Protein chains: 2
Amino acid sequence: MPKQRSVRTDERPRTEPSKSERTRERILDAAAKVLNRNGYAGTRLTDIAELAQVQAPALYYYFSSREELIEAVVTLGMARALEHVTEALAALPANASRLDRICAAVGAHLEVVLRLSDYASAAIRNGPQLPTDLRERQLVEQRTYGDVWRRLIDEARAAGEIHPDLDPRAARMLIIGGLNWATEWWNPNRGSLRTVINTAQLLTRQGLAPPATD
Amino acid sequence: MPKQRSVRTDERPRTEPSKSERTRERILDAAAKVLNRNGYAGTRLTDIAELAQVQAPALYYYFSSREELIEAVVTLGMARALEHVTEALAALPANASRLDRICAAVGAHLEVVLRLSDYASAAIRNGPQLPTDLRERQLVEQRTYGDVWRRLIDEARAAGEIHPDLDPRAARMLIIGGLNWATEWWNPNRGSLRTVINTAQLLTRQGLAPPATD
DNA sequence: GGCGCTTTTTAATCTGTGTTAATCAGCAGA
DNA sequence: TCTGCTGATTAACACAGATTAAAAAGCGCC
(Lines give C-alpha, C1' and ligand atoms only; values in the text may rest on other atoms or scores of the structure.)
Protein backbone atom coordinates (compact mmCIF):
# COMPACT_ATOMS: atom_id res chain seq x y z
CA MET A 1 0.00 0.00 0.00
CA PRO A 2 2.63 2.61 0.86
CA LYS A 3 5.21 4.09 -1.44
CA GLN A 4 3.08 7.16 -1.93
CA ARG A 5 0.36 7.95 0.51
CA SER A 6 -1.15 6.28 3.48
CA VAL A 7 -4.61 7.17 2.26
CA ARG A 8 -6.59 7.80 5.38
CA THR A 9 -9.72 5.86 4.48
CA ASP A 10 -12.56 6.78 6.71
CA GLU A 11 -13.18 3.41 8.25
CA ARG A 12 -12.81 3.03 11.98
CA PRO A 13 -10.05 0.69 12.95
CA ARG A 14 -12.42 -2.26 12.90
CA THR A 15 -9.67 -4.35 11.42
CA GLU A 16 -6.54 -4.27 13.51
CA PRO A 17 -3.48 -2.76 11.87
CA SER A 18 -1.73 -4.84 9.27
CA LYS A 19 1.85 -5.85 9.74
CA SER A 20 2.89 -3.13 7.34
CA GLU A 21 1.03 -0.52 9.32
CA ARG A 22 2.62 -1.68 12.50
CA THR A 23 6.06 -1.39 11.00
CA ARG A 24 5.27 2.08 9.81
CA GLU A 25 4.24 3.00 13.33
CA ARG A 26 7.33 1.50 14.82
CA ILE A 27 9.36 3.68 12.51
CA LEU A 28 7.43 6.81 13.38
CA ASP A 29 7.71 6.07 17.09
CA ALA A 30 11.42 5.54 16.75
CA ALA A 31 11.82 8.73 14.77
CA ALA A 32 9.95 10.70 17.40
CA LYS A 33 12.16 9.35 20.14
CA VAL A 34 15.38 10.07 18.31
CA LEU A 35 14.19 13.50 17.28
CA ASN A 36 13.43 14.24 20.88
CA ARG A 37 16.78 13.23 22.15
CA ASN A 38 19.07 14.44 19.41
CA GLY A 39 17.40 17.35 17.68
CA TYR A 40 16.74 17.75 14.01
CA ALA A 41 20.26 17.60 12.68
CA GLY A 42 21.20 14.84 15.09
CA THR A 43 18.43 12.55 13.93
CA ARG A 44 20.13 9.79 11.99
CA LEU A 45 18.29 7.34 9.85
CA THR A 46 20.46 4.56 11.16
CA ASP A 47 19.45 5.32 14.74
CA ILE A 48 15.80 5.37 13.82
CA ALA A 49 16.15 2.12 11.93
CA GLU A 50 17.89 0.43 14.82
CA LEU A 51 15.22 1.49 17.27
CA ALA A 52 12.52 0.33 14.89
CA GLN A 53 14.35 -2.94 14.29
CA VAL A 54 14.75 -2.65 10.56
CA GLN A 55 17.58 -1.79 8.20
CA ALA A 56 17.94 1.84 7.27
CA PRO A 57 16.88 1.50 3.64
CA ALA A 58 13.60 -0.02 4.77
CA LEU A 59 12.56 3.43 5.86
CA TYR A 60 12.39 4.39 2.22
CA TYR A 61 9.67 1.92 1.64
CA TYR A 62 7.43 3.98 3.90
CA PHE A 63 8.81 7.48 3.47
CA SER A 64 10.39 9.00 0.46
CA SER A 65 13.06 10.85 2.39
CA ARG A 66 14.42 11.62 5.80
CA GLU A 67 12.75 14.98 5.70
CA GLU A 68 9.36 13.52 4.89
CA LEU A 69 9.64 11.13 7.80
CA ILE A 70 10.52 13.92 10.17
CA GLU A 71 7.74 16.06 8.82
CA ALA A 72 5.28 13.24 9.48
CA VAL A 73 6.43 13.11 13.09
CA VAL A 74 6.16 16.84 13.52
CA THR A 75 2.73 17.03 11.96
CA LEU A 76 1.40 14.18 14.06
CA GLY A 77 2.91 15.76 17.14
CA MET A 78 1.26 19.11 16.68
CA ALA A 79 -2.04 17.42 15.91
CA ARG A 80 -1.90 15.31 19.05
CA ALA A 81 -1.12 18.23 21.29
CA LEU A 82 -3.96 20.24 19.82
CA GLU A 83 -6.34 17.32 20.06
CA HIS A 84 -5.56 16.44 23.63
CA VAL A 85 -5.80 19.97 24.91
CA THR A 86 -9.00 20.58 22.99
CA GLU A 87 -10.56 17.47 24.44
CA ALA A 88 -9.54 18.42 27.94
CA LEU A 89 -11.19 21.79 27.50
CA ALA A 90 -14.32 20.24 26.06
CA ALA A 91 -14.59 17.90 29.03
CA LEU A 92 -14.78 20.81 31.42
CA PRO A 93 -18.10 21.57 33.13
CA ALA A 94 -19.89 24.54 31.70
CA ASN A 95 -19.48 26.56 34.84
CA ALA A 96 -15.69 26.32 34.88
CA SER A 97 -14.03 29.68 35.34
CA ARG A 98 -11.62 31.11 32.80
CA LEU A 99 -8.74 30.31 35.06
CA ASP A 100 -10.06 26.79 35.46
CA ARG A 101 -9.94 26.44 31.71
CA ILE A 102 -6.40 27.67 31.55
CA CYS A 103 -5.37 25.26 34.27
CA ALA A 104 -7.00 22.42 32.39
CA ALA A 105 -4.96 23.35 29.34
CA VAL A 106 -1.82 23.45 31.44
CA GLY A 107 -2.50 19.97 32.72
CA ALA A 108 -3.33 18.61 29.31
CA HIS A 109 -0.25 20.12 27.76
CA LEU A 110 1.97 18.56 30.37
CA GLU A 111 0.29 15.22 29.96
CA VAL A 112 0.75 15.12 26.25
CA VAL A 113 4.30 16.35 26.39
CA LEU A 114 5.45 14.19 29.27
CA ARG A 115 3.46 11.04 28.99
CA LEU A 116 1.32 10.68 25.94
CA SER A 117 3.52 11.40 23.05
CA ASP A 118 7.09 11.77 22.05
CA TYR A 119 5.64 13.19 18.88
CA ALA A 120 4.30 16.29 20.54
CA SER A 121 7.46 17.16 22.39
CA ALA A 122 9.54 16.39 19.34
CA ALA A 123 7.38 18.69 17.28
CA ILE A 124 7.29 21.51 19.77
CA ARG A 125 10.87 21.44 20.89
CA ASN A 126 12.48 21.13 17.50
CA GLY A 127 10.51 23.76 15.70
CA PRO A 128 13.24 26.36 15.50
CA GLN A 129 15.81 23.88 14.26
CA LEU A 130 13.83 22.64 11.32
CA PRO A 131 14.87 23.67 7.82
CA THR A 132 12.89 26.64 6.62
CA ASP A 133 10.35 24.95 4.38
CA LEU A 134 9.44 22.39 7.00
CA ARG A 135 9.57 25.06 9.65
CA GLU A 136 7.02 27.15 7.85
CA ARG A 137 4.48 24.38 7.69
CA GLN A 138 5.08 23.61 11.33
CA LEU A 139 4.59 27.24 12.23
CA VAL A 140 1.14 27.18 10.70
CA GLU A 141 0.11 24.30 12.93
CA GLN A 142 1.82 25.85 15.87
CA ARG A 143 -0.14 29.02 15.39
CA THR A 144 -3.35 27.05 15.39
CA TYR A 145 -2.34 25.60 18.69
CA GLY A 146 -1.23 28.97 19.96
CA ASP A 147 -4.59 30.40 19.04
CA VAL A 148 -6.29 28.12 21.52
CA TRP A 149 -4.11 29.50 24.24
CA ARG A 150 -4.37 33.05 23.05
CA ARG A 151 -8.10 32.83 23.22
CA LEU A 152 -8.02 31.30 26.69
CA ILE A 153 -5.91 34.15 27.94
CA ASP A 154 -7.83 36.85 26.12
CA GLU A 155 -11.15 35.66 27.43
CA ALA A 156 -9.83 35.37 30.95
CA ARG A 157 -8.43 38.84 30.68
CA ALA A 158 -11.68 40.21 29.35
CA ALA A 159 -13.46 38.57 32.24
CA GLY A 160 -11.13 40.31 34.64
CA GLU A 161 -9.59 37.07 35.81
CA ILE A 162 -6.08 38.04 34.84
CA HIS A 163 -3.82 40.61 36.35
CA PRO A 164 -3.92 43.66 34.09
CA ASP A 165 -0.21 44.34 34.42
CA LEU A 166 0.70 41.11 32.69
CA ASP A 167 1.55 41.28 29.03
CA PRO A 168 -0.73 38.64 27.52
CA ARG A 169 1.66 37.36 24.93
CA ALA A 170 4.63 37.23 27.24
CA ALA A 171 2.61 35.53 29.94
CA ARG A 172 1.30 32.95 27.54
CA MET A 173 4.70 32.14 26.13
CA LEU A 174 6.36 32.03 29.53
CA ILE A 175 3.80 29.55 30.74
CA ILE A 176 3.88 27.35 27.68
CA GLY A 177 7.65 27.52 27.69
CA GLY A 178 7.82 26.31 31.24
CA LEU A 179 5.67 23.38 30.31
CA ASN A 180 7.66 22.55 27.22
CA TRP A 181 10.87 22.62 29.14
CA ALA A 182 9.57 19.97 31.48
CA THR A 183 10.66 17.26 29.08
CA GLU A 184 14.23 18.26 29.82
CA TRP A 185 14.13 17.54 33.50
CA TRP A 186 11.11 15.49 34.42
CA ASN A 187 11.90 11.95 35.29
CA PRO A 188 9.03 9.62 36.17
CA ASN A 189 11.15 8.07 38.90
CA ARG A 190 11.89 11.29 40.68
CA GLY A 191 8.40 12.65 41.03
CA SER A 192 4.94 11.87 39.88
CA LEU A 193 3.33 13.54 36.94
CA ARG A 194 0.54 14.61 39.24
CA THR A 195 2.97 16.57 41.35
CA VAL A 196 4.26 18.44 38.35
CA ILE A 197 0.80 19.14 37.04
CA ASN A 198 -0.46 20.34 40.39
CA THR A 199 2.49 22.63 40.83
CA ALA A 200 2.19 23.99 37.33
CA GLN A 201 -1.50 24.63 37.72
CA LEU A 202 -1.14 26.35 41.06
CA LEU A 203 1.75 28.41 39.76
CA THR A 204 -0.29 29.43 36.75
CA ARG A 205 -3.49 30.14 38.58
CA GLN A 206 -1.84 32.29 41.19
CA GLY A 207 0.54 33.84 38.74
CA LEU A 208 -2.18 35.07 36.43
CA ALA A 209 -4.69 36.08 39.07
CA PRO A 210 -5.65 39.74 39.37
CA PRO A 211 -4.94 41.61 42.59
CA ALA A 212 -7.51 40.96 45.27
CA THR A 213 -10.29 43.45 44.63
CA ASP A 214 -10.88 43.70 48.33
CA MET B 1 50.14 32.30 21.80
CA PRO B 2 47.38 29.79 21.23
CA LYS B 3 47.72 26.27 19.93
CA GLN B 4 47.49 24.88 23.41
CA ARG B 5 46.10 27.06 26.12
CA SER B 6 44.98 30.62 26.36
CA VAL B 7 46.82 31.04 29.61
CA ARG B 8 44.70 33.39 31.62
CA THR B 9 47.41 35.69 32.90
CA ASP B 10 46.25 37.70 35.80
CA GLU B 11 46.60 41.11 34.29
CA ARG B 12 43.51 43.25 33.96
CA PRO B 13 42.66 44.05 30.37
CA ARG B 14 44.89 47.10 30.49
CA THR B 15 46.09 46.33 27.01
CA GLU B 16 43.28 46.03 24.53
CA PRO B 17 42.85 42.62 22.95
CA SER B 18 45.35 41.66 20.32
CA LYS B 19 44.24 40.83 16.82
CA SER B 20 44.56 37.18 17.62
CA GLU B 21 42.35 37.49 20.65
CA ARG B 22 39.75 39.34 18.68
CA THR B 23 39.67 36.62 16.05
CA ARG B 24 39.30 34.02 18.73
CA GLU B 25 36.36 35.91 20.13
CA ARG B 26 34.75 36.27 16.75
CA ILE B 27 34.98 32.52 16.38
CA LEU B 28 33.47 31.90 19.79
CA ASP B 29 30.70 34.38 19.15
CA ALA B 30 29.93 32.75 15.84
CA ALA B 31 29.93 29.31 17.40
CA ALA B 32 27.52 30.43 20.09
CA LYS B 33 25.15 31.86 17.51
CA VAL B 34 25.20 28.78 15.32
CA LEU B 35 24.86 26.48 18.30
CA ASN B 36 21.84 28.46 19.37
CA ARG B 37 20.12 28.27 16.06
CA ASN B 38 21.00 24.79 14.92
CA GLY B 39 21.61 22.67 17.97
CA TYR B 40 24.65 20.60 18.72
CA ALA B 41 24.58 18.23 15.79
CA GLY B 42 23.60 21.02 13.42
CA THR B 43 26.56 23.17 14.31
CA ARG B 44 28.86 23.02 11.33
CA LEU B 45 32.38 24.30 11.35
CA THR B 46 31.83 25.83 7.95
CA ASP B 47 28.92 27.90 9.23
CA ILE B 48 30.89 29.08 12.20
CA ALA B 49 33.82 29.95 9.99
CA GLU B 50 31.66 31.89 7.59
CA LEU B 51 30.08 33.90 10.40
CA ALA B 52 33.47 34.58 11.88
CA GLN B 53 34.84 35.51 8.48
CA VAL B 54 37.62 32.99 8.32
CA GLN B 55 38.19 29.72 6.53
CA ALA B 56 37.18 26.59 8.38
CA PRO B 57 40.68 25.26 9.01
CA ALA B 58 41.53 28.49 10.76
CA LEU B 59 39.42 27.33 13.65
CA TYR B 60 42.03 24.69 14.32
CA TYR B 61 44.55 27.33 15.06
CA TYR B 62 42.52 28.29 18.10
CA PHE B 63 40.79 25.05 19.04
CA SER B 64 41.97 21.54 18.64
CA SER B 65 38.62 20.16 17.58
CA ARG B 66 35.01 20.98 16.95
CA GLU B 67 34.09 19.50 20.26
CA GLU B 68 36.60 21.60 22.15
CA LEU B 69 35.25 24.74 20.52
CA ILE B 70 31.72 23.85 21.47
CA GLU B 71 32.77 22.99 24.96
CA ALA B 72 34.40 26.38 25.29
CA VAL B 73 31.14 28.03 24.32
CA VAL B 74 29.13 25.95 26.73
CA THR B 75 31.49 26.55 29.60
CA LEU B 76 31.59 30.27 28.99
CA GLY B 77 27.83 30.32 28.73
CA MET B 78 27.20 28.66 32.04
CA ALA B 79 29.77 30.88 33.70
CA ARG B 80 28.18 34.03 32.37
CA ALA B 81 24.73 33.06 33.47
CA LEU B 82 25.95 32.23 36.93
CA GLU B 83 27.98 35.40 37.14
CA HIS B 84 25.22 37.71 36.01
CA VAL B 85 22.61 36.25 38.30
CA THR B 86 24.99 36.23 41.23
CA GLU B 87 25.83 39.87 40.67
CA ALA B 88 22.19 40.82 40.43
CA LEU B 89 21.54 39.14 43.76
CA ALA B 90 24.54 40.78 45.36
CA ALA B 91 23.32 44.19 44.24
CA LEU B 92 20.10 43.77 46.12
CA PRO B 93 19.52 45.82 49.25
CA ALA B 94 19.90 43.86 52.43
CA ASN B 95 16.25 44.20 53.32
CA ALA B 96 15.01 42.60 50.13
CA SER B 97 12.47 39.88 50.75
CA ARG B 98 13.02 36.31 49.61
CA LEU B 99 10.57 36.80 46.83
CA ASP B 100 12.36 39.97 45.83
CA ARG B 101 15.52 37.95 45.50
CA ILE B 102 13.83 35.36 43.35
CA CYS B 103 12.42 38.06 41.11
CA ALA B 104 15.83 39.59 40.75
CA ALA B 105 17.15 36.23 39.64
CA VAL B 106 14.30 35.93 37.16
CA GLY B 107 15.14 39.28 35.67
CA ALA B 108 18.83 38.58 35.53
CA HIS B 109 18.31 35.20 33.91
CA LEU B 110 16.15 36.71 31.22
CA GLU B 111 18.65 39.47 30.61
CA VAL B 112 21.53 37.14 30.15
CA VAL B 113 19.58 34.72 28.00
CA LEU B 114 17.88 37.29 25.82
CA ARG B 115 20.28 40.14 25.58
CA LEU B 116 23.66 39.59 27.06
CA SER B 117 24.87 36.35 25.70
CA ASP B 118 24.25 33.82 23.02
CA TYR B 119 26.65 31.72 25.01
CA ALA B 120 24.32 31.30 27.92
CA SER B 121 21.31 30.29 25.91
CA ALA B 122 23.42 28.02 23.75
CA ALA B 123 24.78 26.35 26.84
CA ILE B 124 21.48 25.98 28.58
CA ARG B 125 19.35 24.98 25.67
CA ASN B 126 21.68 22.43 24.15
CA GLY B 127 22.58 20.59 27.29
CA PRO B 128 20.62 17.45 26.58
CA GLN B 129 21.88 17.16 23.04
CA LEU B 130 25.55 17.20 23.93
CA PRO B 131 27.56 13.98 23.67
CA THR B 132 27.80 12.27 27.01
CA ASP B 133 31.29 13.29 28.05
CA LEU B 134 30.69 16.93 27.30
CA ARG B 135 27.24 16.67 28.77
CA GLU B 136 28.59 15.46 32.06
CA ARG B 137 30.90 18.39 32.47
CA GLN B 138 28.10 20.74 31.55
CA LEU B 139 25.83 19.12 34.11
CA VAL B 140 28.30 19.90 36.85
CA GLU B 141 28.21 23.58 36.00
CA GLN B 142 24.49 23.47 35.54
CA ARG B 143 24.08 22.04 38.99
CA THR B 144 26.12 24.85 40.42
CA TYR B 145 23.79 27.26 38.75
CA GLY B 146 20.78 25.26 39.85
CA ASP B 147 22.04 25.37 43.41
CA VAL B 148 21.70 29.12 43.46
CA TRP B 149 18.07 28.78 42.52
CA ARG B 150 17.46 25.88 44.81
CA ARG B 151 18.73 27.87 47.70
CA LEU B 152 16.63 30.89 46.76
CA ILE B 153 13.52 28.75 46.73
CA ASP B 154 14.38 26.81 49.86
CA GLU B 155 15.05 29.93 51.85
CA ALA B 156 11.89 31.55 50.66
CA ARG B 157 9.97 28.46 51.54
CA ALA B 158 11.53 28.31 54.96
CA ALA B 159 10.60 31.92 55.47
CA GLY B 160 7.01 31.10 54.63
CA GLU B 161 7.06 33.20 51.49
CA ILE B 162 6.17 30.32 49.20
CA HIS B 163 2.94 28.45 48.89
CA PRO B 164 3.37 25.16 50.73
CA ASP B 165 1.47 23.16 48.13
CA LEU B 166 4.09 23.84 45.49
CA ASP B 167 6.67 21.17 44.88
CA PRO B 168 9.94 23.10 45.15
CA ARG B 169 11.80 21.28 42.46
CA ALA B 170 8.95 21.33 39.99
CA ALA B 171 8.28 24.99 40.65
CA ARG B 172 11.89 25.90 40.18
CA MET B 173 12.23 24.00 36.95
CA LEU B 174 8.97 25.29 35.55
CA ILE B 175 10.04 28.85 36.18
CA ILE B 176 13.53 28.46 34.81
CA GLY B 177 12.13 26.56 31.86
CA GLY B 178 9.75 29.36 31.02
CA LEU B 179 12.66 31.77 31.03
CA ASN B 180 14.86 29.55 28.91
CA TRP B 181 12.15 29.11 26.37
CA ALA B 182 11.94 32.84 25.88
CA THR B 183 14.79 32.70 23.38
CA GLU B 184 12.46 30.79 21.08
CA TRP B 185 9.86 33.47 20.78
CA TRP B 186 11.14 36.77 22.02
CA ASN B 187 11.83 39.25 19.32
CA PRO B 188 13.20 42.65 20.27
CA ASN B 189 11.00 44.28 17.66
CA ARG B 190 7.79 42.86 18.97
CA GLY B 191 8.06 43.82 22.59
CA SER B 192 10.59 45.29 24.93
CA LEU B 193 12.73 43.22 27.19
CA ARG B 194 11.34 45.19 30.09
CA THR B 195 7.85 43.99 29.29
CA VAL B 196 8.95 40.39 29.33
CA ILE B 197 10.90 40.80 32.53
CA ASN B 198 8.06 42.57 34.28
CA THR B 199 5.59 39.94 33.25
CA ALA B 200 7.89 37.12 34.26
CA GLN B 201 8.55 38.69 37.63
CA LEU B 202 4.92 39.34 38.38
CA LEU B 203 3.99 35.85 37.24
CA THR B 204 6.66 34.37 39.46
CA ARG B 205 5.95 36.49 42.49
CA GLN B 206 2.25 35.84 42.43
CA GLY B 207 2.68 32.24 41.40
CA LEU B 208 4.91 31.37 44.30
CA ALA B 209 3.18 33.45 46.96
CA PRO B 210 1.54 31.66 49.87
CA PRO B 211 -2.18 31.99 50.43
CA ALA B 212 -3.15 35.21 52.13
CA THR B 213 -2.81 34.53 55.83
CA ASP B 214 -5.63 36.90 56.48
C1' DG C 1 4.57 -25.66 -6.28
C1' DG C 2 5.28 -22.05 -9.13
C1' DC C 3 3.50 -16.68 -9.86
C1' DG C 4 3.14 -12.10 -8.57
C1' DC C 5 2.81 -8.91 -5.11
C1' DT C 6 4.61 -6.79 -0.90
C1' DT C 7 8.22 -6.00 2.28
C1' DT C 8 13.03 -6.07 3.60
C1' DT C 9 17.79 -6.73 2.90
C1' DT C 10 22.66 -6.31 1.13
C1' DA C 11 25.78 -3.88 -1.59
C1' DA C 12 27.09 0.24 -3.83
C1' DT C 13 27.07 5.33 -4.56
C1' DC C 14 27.33 10.13 -3.54
C1' DT C 15 27.67 14.05 -0.80
C1' DG C 16 28.81 16.85 3.00
C1' DT C 17 31.85 17.86 6.61
C1' DG C 18 35.60 17.31 10.19
C1' DT C 19 40.26 17.18 9.96
C1' DT C 20 45.19 17.24 8.34
C1' DA C 21 49.07 18.70 5.42
C1' DA C 22 51.39 21.79 3.02
C1' DT C 23 51.87 26.35 1.91
C1' DC C 24 51.65 31.32 2.04
C1' DA C 25 51.36 36.29 3.81
C1' DG C 26 52.62 39.58 7.06
C1' DC C 27 55.79 41.33 10.11
C1' DA C 28 59.45 41.92 13.96
C1' DG C 29 64.05 41.87 15.01
C1' DA C 30 69.10 41.16 13.92
C1' DT D 1 67.70 41.45 3.58
C1' DC D 2 67.34 37.39 5.87
C1' DT D 3 65.12 34.68 9.54
C1' DG D 4 61.59 32.99 12.22
C1' DC D 5 57.27 33.49 14.30
C1' DT D 6 52.14 34.25 14.02
C1' DG D 7 47.93 33.81 11.73
C1' DA D 8 45.84 32.37 8.13
C1' DT D 9 44.87 29.85 3.40
C1' DT D 10 44.21 26.17 -0.27
C1' DA D 11 44.23 21.40 -1.42
C1' DA D 12 43.58 16.79 -0.09
C1' DC D 13 41.91 12.95 2.88
C1' DA D 14 38.74 10.13 5.51
C1' DC D 15 34.69 8.94 7.04
C1' DA D 16 29.86 9.14 8.21
C1' DG D 17 25.45 9.00 6.79
C1' DA D 18 21.55 9.67 3.17
C1' DT D 19 20.05 7.67 -0.76
C1' DT D 20 19.65 4.22 -4.67
C1' DA D 21 19.95 -0.32 -7.09
C1' DA D 22 19.46 -4.80 -7.20
C1' DA D 23 18.37 -8.82 -5.21
C1' DA D 24 16.15 -11.73 -1.77
C1' DA D 25 12.57 -13.22 1.27
C1' DG D 26 7.72 -13.74 2.64
C1' DC D 27 3.41 -14.88 1.41
C1' DG D 28 -1.33 -15.27 -0.54
C1' DC D 29 -3.37 -17.60 -4.47
C1' DC D 30 -4.53 -20.23 -8.29
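Reading from the N terminus, the elements of chain A go α-α-α-α-α-α-α-α-α. That makes nine helices and zero strands, where helices are DSSP runs of H or I with at least four residues and strands are runs of E with at least two, numbered from the N terminus. Keep in mind that this is a predicted model, in which local features need pLDDT of at least 70 and side-chain atom pairs count only at pLDDT 80 or more, while totals for chains, interfaces and linings use all residues. Residues are numbered from 1 along each chain as its sequence is written, and chains are lettered from A and ligands numbered from 1 in the order in which they are written.

Staying with chain A, its C-alpha atoms fill a box of roughly 65 × 35 × 35 Å along the principal axes. Of its 214 residues, 37% are buried, meaning that 20 or more other C-beta atoms (placed from the backbone) lie within 10 Å of the residue's own. Take the contacts in chain A between residues at least 6 apart in sequence: 70% of them join residues at least 24 apart. A contact here is two C-beta atoms, placed from the backbone, within 7 Å.

Now for the partner chain. 35 residues of chain A touch 35 residues of chain B. On the chain A side, α8 (168-185) and α9 (193-208) each supply at least two residues, and α8(A) gives the largest share, with 13 residues. By class, that side of chain A has 17 nonpolar, 14 polar and four charged residues; Ala, Val, Leu, Ile, Met, Phe, Trp, Tyr, Cys and Pro count as nonpolar, Asp, Glu, Lys and Arg as charged, and the others, Gly among them, as polar.

Finally, the DNA. 17 residues surround DNA strand C, and the closest are Ser20(A), Gln55(A), Pro57(A), Leu45(B) and Arg66(B); a residue is near the strand if its C-beta atom, placed from the backbone, lies within 6 Å of it. α1 (19-38) of chain A and α2 (45-52) of chain B each supply at least two residues of this surface. The surface near DNA strand C divides into ten nonpolar, five polar and two charged residues.

Technical notes
A residue is buried if 20 or more other C-beta atoms lie within 10 Å of its own, exposed if 12 or fewer, and partly exposed in between; C-beta atoms are placed from the backbone.
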